[in-house]
Amino acid sequence: MTEYDKMHDGQLYHCSDEEIMKLQLECLSKLYEFNDTRPSETKKRDALLKDMFVGIGEGCYIEPPLRANWGGHHVYFGNYVYANFNLTLVDDTYIYVGDYTMIGPNVTIATAAHPISPELRKKVAQYNLPVRIGANVWIGAGAVIVPGVTIGDNSVIGAGSVVTKDIPEGVVAVGNPCRVLREITEHDREYYYKDRPIPPEWR
């Protein structure tokens with residue numbers, strides 16, 4: 001098994017492996033080009049994202065600058081995913097994001113981890129665990145999602161939350177560490193903010 005194979009198998013591997021670093025550099029060059037585009041170059045951005053990501057659906061928009069260890073090389077975005085500026089993808093293994101998910105500014109989604117053992121860290125040992133984010137999720141500004149986490153469909157992650165464990169579908173979850181605050185209810189389908197009713201044209 002190669003070091004690259006170990007990256008996607010949860011095993012310890014040498015992240016400074018020569019072949020890994022060569023491929024990673026190619027991916028980072030594409031990311032640099034994406035971040036260097038002008039706001040008017042939407043077609044160029046779309047084409048670059050399709051080349052950079054392992055899979056990206058229709059209608060996706062990522063506001064530069066985008067930061068990514070592998071330039072999106074291990075990232076799947078569904079359809080109509082929106083990400084605000086300064087999204088950081090530590091995409092050393094796979095990140096899956098479902099349709100219609102919205103990601104606020106300064107969010108970090110990380111798959112890479114290092115052993116607690118200082119001896120292993122001296123040897124540049126690393127292991128990776130995939131992150132799965134469901135469809136129609138809203139991730140608030142400044143949230144951090146750590147390796148191995150799954151977030152269920154239709155859930156909301158509050159701004160500044162640190163998501164260290166799986167979050168079920170259909171809930172509002174906040175805090176550090178992130179915990180379920182409440183379920184999404186019929187009240188949320190009647191009111192968009194506190195006591196402000198959803199206008200008829202939005203129903």
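Two strands are taken to pair if DSSP finds at least two bridges between them. In this predicted model, strand S17 (residues 156-157) and strand S19 (residues 171-174) meet that criterion, with two bridges and a parallel course. Ile157 has Ala173 as its bridge partner in S19. Ala173 also stands opposite Val180 in S20, so that residue takes part in the description of both pairings, given that pairing rests on bridges found by DSSP. S19 and strand S20 (residues 179-183) run antiparallel and are joined by four bridges.

The hairpin of S19 and S20 has four residues between the strands, and Gly175 takes a positive phi near 105° there. Pro177 is also placed in the loop between S19 and S20. The peptide bond that leads from Asn176 to Pro177 is cis, with omega near 0°. Another cis peptide bond runs from Pro64 to Pro65, where omega is near 5°. Pro65 is located in the loop between strand S3 (61-62) and strand S4 (66-68).

Further pairings occur in two open sheets. Strands of a sheet pair through backbone hydrogen bonds, either parallel or antiparallel. The bridge partner of Leu89 in S10 is Ile109.

The other open sheet has three strands in the order S1-S12-S11, and here the pairing is antiparallel. Strand S1 (13-14) and strand S11 (112-113) are the edge strands, each pairing on one side only. Two bridges connect S1 with strand S12 (residues 125-128) in the antiparallel sense. Tyr13 has Gln126 as its bridge partner in S12.

Turning to the helices, the axes of helix H2 (residues 18-35) and helix H3 (residues 42-52) come within 10 Å and cross at roughly 160°. Angles over 145 degrees count as roughly antiparallel, and H2 and H3 are therefore roughly antiparallel to each other. Their crossing is left-handed. On the H2 side the contact is made by Lys30, Leu31, Glu33 and Phe34. On the H3 side the contributing residues are Lys44, Arg45, Leu48, Leu49, Asp51 and Met52.

Thr37 is placed in the loop between H2 and H3. With a relative accessible area of 8%, Thr37 is buried, because the cut-off for a buried residue is under 20%. When residues up to four places away in sequence are not counted, Thr37 touches Lys44, Arg45 and Leu48. Thr37 and Leu12 are 25 residues apart in sequence, and their C-alpha atoms are 36 Å apart in space.

Aromatic side chains form seven pairs in the structure. A pair of aromatic rings is described by the distance of the centres and the angle of the planes. One of the pairs is formed by Tyr80 and Tyr100, with 5.3 Å centre to centre and 20° between the planes. This pair is stacked, because planes under 30 degrees apart count as such. Tyr80 lies in the loop between strand S5 (75-77) and strand S6 (82-83), and Tyr100 in the loop between strand S8 (95-97) and strand S9 (102-103), so the pair ties together parts that are 20 residues apart in sequence.

Each of these tyrosines has a positive phi in a residue other than glycine: the value is near 60° for Tyr80 and near 65° for Tyr100. Tyr80 is partly exposed, with a relative accessible area of 39%. Elsewhere, Tyr76, Tyr94 and Tyr96 form one aromatic cluster.

Methods: Residues numbered from 1 in each chain as written. Predicted model: local features only at pLDDT ≥ 70, side-chain atom pairs only at ≥ 80, totals over all residues. Heavy atoms only, no water. Phe/Tyr/Trp six-rings, centres within 6.5 Å; stacked < 30°, edge-to-face > 60°. Buried < 20%, exposed > 50% of the residue type's maximum accessible area, 1.4 Å probe, protein only. Axes fitted to C-alpha atoms, helices over the stretch in contact; angles between N-to-C directions. Parallel < 35°, antiparallel > 145°, perpendicular 65-115°, else oblique. Left-handed = near helix turned anticlockwise from the far one by under 90°. Contact = heavy atoms within 4.5 Å.
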